[in-house]
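Me: I would like to learn how to read the features of a structural model in an orderly way. May we work through an example together?

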Amino acid sequence: MKKHLVPLAVTSALFSLAFAGNVWDGMYRSYKVSYLTYSNDLDEKQPPTRADYKMAFMVEGKMAKEMFDSIGPDLKDACGASARLRIRDKGDVECTYDKDSPSSPYTCRFGLNLATGKSIPGSTC
């Protein structure tokens, strides 16, 4: 029985070391987010109305990298995917890694329909 505990102890120790640098404290982090308000479809970019009010959000940098790393794997046949543009998505969240981006290679987009309270895609492609 003790022989079975050794692999478990080693696995636990390695897992602890792997996440030692990422101490979770349960606190919210501040971050710069860009957003767009609109109605109808995102590609139409019409002004929002009381009955149709949507928001598309975009984050870049460290937060986007964390999201990108969490939702893999890469989509192979996604719109615009290439050797220089990696795309991942889960539900209504889409993240990209663009090797040619002048600002940050990581970007994530998602949206909310404020009239219904439901999540929606934050990108058109």
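**Reading the strands, loops and pocket**

Reply: Let us begin with strand pairing: strand 5 and strand 6 (residues 118–120) run antiparallel and are joined by 3 bridges. Within this pair, Leu 112 stands opposite Ser 119 in strand 6. The hairpin formed by strand 5 and strand 6 has 4 residues between the strands, and Gly 117 there takes a positive phi near 80°. Please keep in mind that this is a predicted model.

Me: To which strand is strand 2 joined by 7 bridges, and in which direction do the two run?

Reply: Strand 2 is joined to strand 5 (residues 106–113), and the two run antiparallel.

Me: How many bridges join strand 4 to strand 5?

Reply: There are 4 bridges between strand 4 (residues 93–98) and strand 5, again in an antiparallel arrangement. Here Cys 95 stands opposite Cys 108 in strand 5.

Me: What pattern does the protein chain follow when read along the sequence?

Reply: The secondary structure comprises 2 helices and 6 strands. Their order along the sequence is α-β-β-α-β-β-β-β. For contacts between residues at least 6 apart in sequence, 40% join residues at least 24 apart. Of the 125 residues of the chain, 22% count as buried.

Me: Is Lys 45 buried or exposed?

Reply: The classes rest on relative accessible area, with buried under 20% and exposed over 50%. Lys 45 has a relative accessible area of 61%, so it is exposed. Asn 40, at 39% relative accessibility, therefore counts as partly exposed.

Me: Where is Ser 39 found, and what does its side chain reach?

Reply: Ser 39 is found in the loop between strand 1 and strand 2. Its relative accessible area is 4%, so Ser 39 is buried. The side chain of Ser 39 reaches the backbone oxygen of Pro 47 at 2.7 Å. Leaving aside residues up to four places away in sequence, Ser 39 touches Gln 46, Pro 47, Pro 48, Thr 49 and Asp 52.

Me: Which peptide bond is cis?

Reply: The bond from Gly 72 to Pro 73 is cis, with omega near 5°. Pro 73 lies in the loop between helix 2 (62–70) and strand 3 (85–90).

Me: Finally, how many residues line the largest pocket, and which of them lie nearest its centre?

Reply: A pocket may be read by its volume, its lining and the classes of its lining residues. The largest pocket holds about 540 Å³ of space. It is lined by 14 residues, and Trp 24, Arg 29, Lys 62, Met 63 and Glu 66 lie nearest its centre. By class, this lining has 6 nonpolar, 4 polar and 4 charged residues.

How values were computed: Residues are numbered from 1 along each chain as its sequence is written. This is a predicted model: local features need pLDDT of at least 70, side-chain atom pairs count only at pLDDT 80 or more; totals for chains, interfaces and linings use all residues. Side-chain values use heavy atoms; hydrogens and water are left out. On a 1 Å grid over the protein atoms alone, a cavity is a set of points where a 1.4 Å probe fits but cannot get out, and a pocket is an open set with protein on both sides within 12 Å along at least five of seven lines; lining residues have an atom within 4 Å of a point. Grid points are joined across faces, edges and corners, and a volume is the space filled by probe spheres set on the points. Ala, Val, Leu, Ile, Met, Phe, Trp, Tyr, Cys and Pro count as nonpolar, Asp, Glu, Lys and Arg as charged, and the others, Gly among them, as polar. Buried means under 20% relative accessible area, exposed over 50%, partly exposed in between (1.4 Å probe, protein chains only). A polar contact is a pair of N or O atoms within 3.5 Å; within protein, one must be able to donate a hydrogen and the other to accept it, and residues adjacent in sequence count only if both atoms are side-chain atoms. Contact means heavy atoms within 4.5 Å. Two strands pair if DSSP finds at least two bridges between them.
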